[in-house]
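Here are some notes to read alongside the structure, written as numbered points. Keep the 3D view open and find each residue as you go.

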Amino acid sequence: MLPPVVVTGVAPEVPDIAMRARYFVPISVDVQIGADGAVLDAILQPGTREIFGLDTLALRAAREWRFDEAAGCKTRRAWLTFDFQKPVPIGTPGGSRFKPP
């Protein structure tokens, strides 16, 4: 099976407090994708630190992503890594690729 391909994705907001503190840490999110390409569930990967609300913002953004449809497949998984120093999400260890709209 081919890895899911991102159709649309949004970058999470960067809180002012994180900007002022210059604290940026990549947040990894595990997403479950339905056959229609919609994100069904998003959870933080183990070991992800929760600070300045970056974790919550990454989860919120991940739930808005849309992937390609998968014929004959009920659900798929992908891992997204949000790097708050970059304006868009970066490549993922799960094999999904971000294609800007």
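Predicted model: local features only at pLDDT ≥ 70, side-chain atom pairs only at ≥ 80, totals over all residues.

1. Let us begin with Trp65, which counts as buried because its relative accessibility is 3%.

2. Residues are numbered from 1 along each chain as its sequence is written, and side-chain values use heavy atoms, with hydrogens and water left out.

3. How many aromatic pairs does a search of the whole structure find? The search finds two. Trp65 and Phe67 form a tilted pair, 6.0 Å centre to centre with 35° between the planes. Trp65 and Phe82 form an edge-to-face pair, 5.8 Å centre to centre with 85° between the planes. This second pair links distant parts of the chain: Trp65 is in the loop between H2 and strand E4 (66-67), whereas Phe82 is in strand E5, 17 residues apart. Rings of Phe, Tyr and Trp (its six-membered ring) pair if their centres lie within 6.5 Å; planes under 30 degrees apart count as stacked, over 60 as edge-to-face and the rest as tilted. Together, ring pairs link Trp65, Phe67 and Phe82 into a cluster.

4. Now look for the sheet. Three strands form an open sheet in the order E3-E2-E5, with antiparallel pairing. E3 and E5 are the edge strands, each pairing on one side only. From one strand to the next, the twist averages 25°. As background, strands of a sheet pair through backbone hydrogen bonds, either parallel or antiparallel.

5. Strand E2 (residues 27-34) and strand E3 (residues 39-44) pair over five bridges in the antiparallel sense; two strands pair if DSSP finds at least two bridges between them. E2 and E3 form a hairpin with four residues between them, and Gly37 in the turn has a positive phi of about 95°.

6. Is helix H2 largely enclosed or open? Helix H2 (residues 54-62) is largely enclosed by the rest of the structure, because seven of its nine residues are buried. They are Leu54, Asp55, Leu57, Ala58, Leu59, Ala61 and Ala62. These buried residues pack against helix H1 (16-21), E2, E3 and strand E5 (75-82). Contact means heavy atoms within 4.5 Å.

7. Ser28 lies in strand E2 and is buried, with a relative accessible area of 18%. Which side chain does the side chain of Ser28 meet in a polar contact? The partner is the side chain of Thr81, at 3.5 Å. A polar contact is a pair of N or O atoms within 3.5 Å; within protein, one must be able to donate a hydrogen and the other to accept it, and residues adjacent in sequence count only if both atoms are side-chain atoms. Leaving aside neighbours within four places in sequence, Ser28 is in contact with Ile43, Leu44, Gln45, Thr48, Leu80 and Thr81.

8. Finally, please look at two arginines in loops. Arg63 sits in the loop between H2 and E4 and is partly exposed, with a relative accessible area of 45%. Not counting residues up to four places away in sequence, Arg63 touches Val39 and Ala42. Arg63 and Val39 are 24 residues apart in sequence and 5.6 Å apart in space, C-alpha to C-alpha. Arg49 lies in the loop between E3 and H2 and counts as exposed at 53% relative accessibility. Arg49 is in contact with Tyr23, Ile27 and Asp55, again leaving aside neighbours within four places in sequence. Arg49 and Ile27 are 22 residues apart in sequence and 7.8 Å apart in space, C-alpha to C-alpha.

How values were computed:
Buried < 20%, exposed > 50% of the residue type's maximum accessible area, 1.4 Å probe, protein only. Axes fitted to C-alpha atoms, helices over the stretch in contact; angles between N-to-C directions.
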